[in-house]
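Here are my notes on the complex, in the order I'd go through it with you. Have a look at the model first.

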Amino acid sequence: MDSQNTSAISSAPTFFASHRLRRNGLAAQIAGRIGSGMLVLWAAVTLSFVSLQLAPGDIVSLLIGEQLRTPEVEAAIRAEWGLDEPLLSQYLSYLTRILHGDFGRSYILQTEVSQLVLSQILPTLKLTTAALFVAIIFGLVSAVLTAGRRIPRGIAGALELTLVSTPSFWLGILLLYLFSFTLKLFPVSGDRSFSALVLPALALGLPLGAVVGQVLRQGLERALEEPFALTVRSWGTSGLVLRLRHGLRHAALPAVTLTGWLVGSLLSGAVITESVFGRPGLGRVTVEAVLGHDLPVVLAVAILSAFVYVTLSTLVDVLYLWLDPRLRSDSPEAAR
Amino acid sequence: MSALPAPAEHETAPASQFLRRLPTNPGLALAALFLAVIAIATVSPALLATADPIAADPLQAQLPPSWEHWFGTDHLGRDVFSRVVHGARYSILIGVGAVALAATAGSFLGLVAGLSRGLIDEIITRLLDVVSAFPDLLLALVLISFTGPGTTNLIFALGVAFIPRFARVVRAQTFVIARSGYVEQARTFGLSRTVLVLRHVLPHAVAQVPILATIGLGTAIIGAAGLSFLGMGPQPPAPEWGAMLAEARNYLRVAWWIGVWPGLAITLTVIAISVLGRRWQTAFEGRRSE
Amino acid sequence: MMPLVDIRDLTIAFPRGSQENRVVHGINLTIHEGETVALVGESGSGKSVTARALIGLSGAVVGASRFDIVGDGVLGFRERDWRRLRGSKIGFVLQDALVSLDPLRKVSQQLADAFGHPGYFVRRDVREESRALLHSVGIPDPERRLPQYPHQLSGGLRQRALIATAIARRPSLLIADEPTTALDATVQKQILDLFAERKQAGHTLLLISHDLAVVARLADRVLVMKQGKIVEEGPTKQILSEPAHPYTRRLLDAVPSASSRGFRLSPATQTEDNAPSLHATVVCQRLPLPPKRIDAAQRVLSASGLVKRYGGGFAVNNVSFELAAGEALGIVGESGSGKTTVAKIVLGLIEPDSGTVLVDGQPWSHRSEAKRRARRASMQLIAQDALSSFDPRYTVEKIVGESLDTVGVFGRDRRRRVIEVLDAVRLGATFLDRYPRELSGGQRQRVAIARAFAPRPKLLIADEPVSALDVSVQAQVLDLLAELQAASGTALLFISHDLGVIHHLTDRVLVMKDGRVVETGAVETVFASPTHSYTRALLDAVPALP
């Protein structure tokens, strides 16, 4: 009934409540999703601007971080942020700059923030994609093979509970100790080769895969209890075919609502995983920026990840329409 | 349908019902026992570990686990067992603090949104959308970059990041209950809106919050340890589990034990909390659904 | 000739811990080719699980001394063997195709699945066959329906599509488990006509139903099941006209209809829902209900010109009626006819867009809730789903007592009144501390009735109060309602889709369709000589006992 409080972390329902998808035609629904996503992004940028204004201390010292405050630097900041102008025009120029992909200058690192972020995006993208892959494969296999079977289900459940409860950085440390230091199968750190990606992807992906597995299994089991499952079996269809052809699609519905959480967890987790494995990437940049009070960099990463989050959530919402024809309101029943 | 009356299980006192079932379920009992130990470690760690968790002793550095040092010693010669025991306080304090903040603020926002509908609901919902567009830990990091690291700041940062999940559930629940058969029925009795809300909506809308908080506590503890691992939490030499693992990362080649025990402590604590929380949730949902 | 199905001493049990819970106790079932057999029983009788055992999908432990299906002894069957049999030798139809077909797959894909040629893209020859099949189950324009999803079809077409999947591979036997239960009367008639056609063509059918009237028309033979046993078996005509077993007798008596007007539906002595009366004396005489006192001069409720718009259309369109003290007015209509919206307007839960409601001659609609509050005690609601109308944290005492809040009855007086009405619905003080979930369906409805009568209302609004109940429980609840209404002189607005119930209970009737009242008048006049074609169609669609 209420949200999918299927497991510890997934208790927050999807970013966009799917019931809002009803009404109107398909194109209008998709346009609505995109518009709503842009609204959220605009609000996110505004929020970061407001937080700068509301934070204790003046903006110059906030932006300058622990750097030495010289009149030259202060003048540069005042010019860049238009601090001598009224608040509204500061805000508008901030919006305009961000729309153009200009996140300002990091006075600590003495570099343009956009360039810094762009140069670090690729390793993070590699890590998160690989981890996503691990998570989905693990979840799928674990769910399809064990749903509705008492003993395998118990074993998979216990494994998943353990994985969900394991901090990814500790899993990373264990994997490092086992496979890098003791067995010497994988490199200890860096991002030189594909093999350097294996352990970080596992450390980040497995705990997430455990949640995906739980949600998929629960959805699958619910689908197999539905009356239609009995109908399908009465046609002489085998159990595995029922699971794959009918059940999985039903199970995907609740699992899809996990996407927002999954994206968020991948981005959050990347920060920590990069630290554990000494990988380059946005996470490392973020941590250093937070510790060094380099606000322009922190805000840029935050806005960027909000952008990624909103984009993917919107895509998935549209995917939801494809997965569940009942939500496409072009049908006579729904129009009634 | 009309087959058999359901077994006697009431909506009242779910917690006591649940506690009574403890002894019959070994997994549940084990989890409760472990949490009891963690509770002792939180309140008075000296009962469990006598060694000083802070004082360094270079002569005793990096000793493997032995009878004298159960979990071995770290690179400064501190007793790892004692540090792990004393570390419970940080994880529990930060986790409970953050969840309490999130649950209170989230329930309030959810209730207000669910009951008011219209513009206020729209504003709150959008605000939650925006807050949850930032990934949890990243949002916490942004907040910390304003406030600086430290235990209190970490509680605040995590707490704020967790608000949306509570607010959403309470709001959805409020919506469902406000439209339920028994609220409609109570309206036909001529009860005032205030009485209706206090008597029939509120208790059900927040009924799930303690369960969500229990389950969320596990997530919060992992998040807190992760941020401390990055240096955002309690500062050295405080024996926080995440911070201990950050140090251990550098000595993994020579002293594996430093990197094992704090992580095991986190994992076991979170497993125990999850086992209890989920059992509670299952009992709750079983009672509610037909 | 060898029978299609020949089962001796069938037992079915669900393992429960180390014990087992036996739900079917040694029944015999024989079905010959070309025969239509009906298995009839109330919920918990074991009829559905028996049907499922015939295709090896009961999910329970099945035992028998003989279990032959279409020439195969299936006792040692493994899953693989069962799969060969399903679909090809036995087809299976469940109730409500909205959930019994996969909601995420197109009709064409599901037919292909049923034909055994699955895939996302349906082969041309399969498509051809599917079209012919849909046509044969009476779906006009099959080409248009093939690419649609189940939720895009109307209830009747959907159920036909489900039947099509079941007969795709021309099975020798078709099992239909409550195939029309979730459908409106007129749609139900169409589906029963389809089965009748197949019967004419010589197909074999096993019909599972709770409704004797539904099977009366189709079945050659009826088996009456109760608590896992077959209590009576014989040709349909004989079972319906001269039942030998008291349970069958009671089932037949419990069906409300024109002929039961003014009489009790249940044996008078019985108070508990499930009192086993296998050995009770055979009561053939119907007992009369107490006479009603209608005071035509006292107008309790009058509604005029009610209109409520929804989206582009009308939920309620110009509905007017009046209700006198002690009178029972029925509103009958199919789903979507607007009857529940009328109830909500009368209750003041929805404001009408135009039109007025007067209660006791005083304006009721378009007033502020604060002004209505004090008068609400005079009007009480009995909802369809009693369970969801109870706060799950409340005991029966608090549930019933809450309706006394606004009449200012508290403390010891309240407790006395609660016990009084609980006695009146034959539950008694022992139920005071029970929680709703501990009650059976019939008991819940009794609590709802007790709660409604507690503040001595002038008007009672009952929205489908018995539609979720088994027929024998329904009989008791209806008797109770009729008795209390007569005794208290309360006016009753009774909403139902079931013409039999309306005919049995009410004095006047409103027939609604698409938000409008198509016909109104005294029940006996309207039902005996309907003037509107829709009323005639409705009456025509009701399956009747001979």
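1. Starting with chain C: an unreviewed UniProt entry annotates residues 5-252 and 301-539 of chain C as "domain: ABC transporter". UniProt positions are in the numbering used here, feature names are shortened, and annotations may be inferred rather than shown by experiment. Over residues 301-539, chain C is 36% helix and 27% strand, with 28 Å between the end C-alpha atoms. Helices (H or I, at least four residues) and strands (E, at least two) are DSSP runs, numbered from the N terminus.

2. Keep in mind that this is a predicted model: local features need pLDDT of at least 70, side-chain atom pairs count only at pLDDT 80 or more, and totals for chains, interfaces and linings use all residues. Residues are numbered from 1 along each chain as its sequence is written, while chains are lettered from A and ligands numbered from 1 in the order in which they are written.

3. On confidence, the complex gets an ipTM of 0.84 and a pTM of 0.83 from the predictor. Chain C has a mean pLDDT (the predictor's confidence in each residue, from 0 to 100) of 90, and 96% of its residues reach 70 or more. Residues 270-283 of chain C have pLDDT below 50.

4. Over in chain A, UniProt (unreviewed entry) puts "domain: ABC transmembrane type-1" at residues 121-316. That span of chain A is 84% helix and 0% strand, and its end C-alpha atoms are 22 Å apart.

5. What does the contact between chains A and B take from each side? It takes 47 residues from chain A and 46 residues from chain B (C-beta atoms, placed from the backbone, within 7 Å).

Technical notes:
Two residues are in contact if their C-beta atoms, placed from the backbone, lie within 7 Å.
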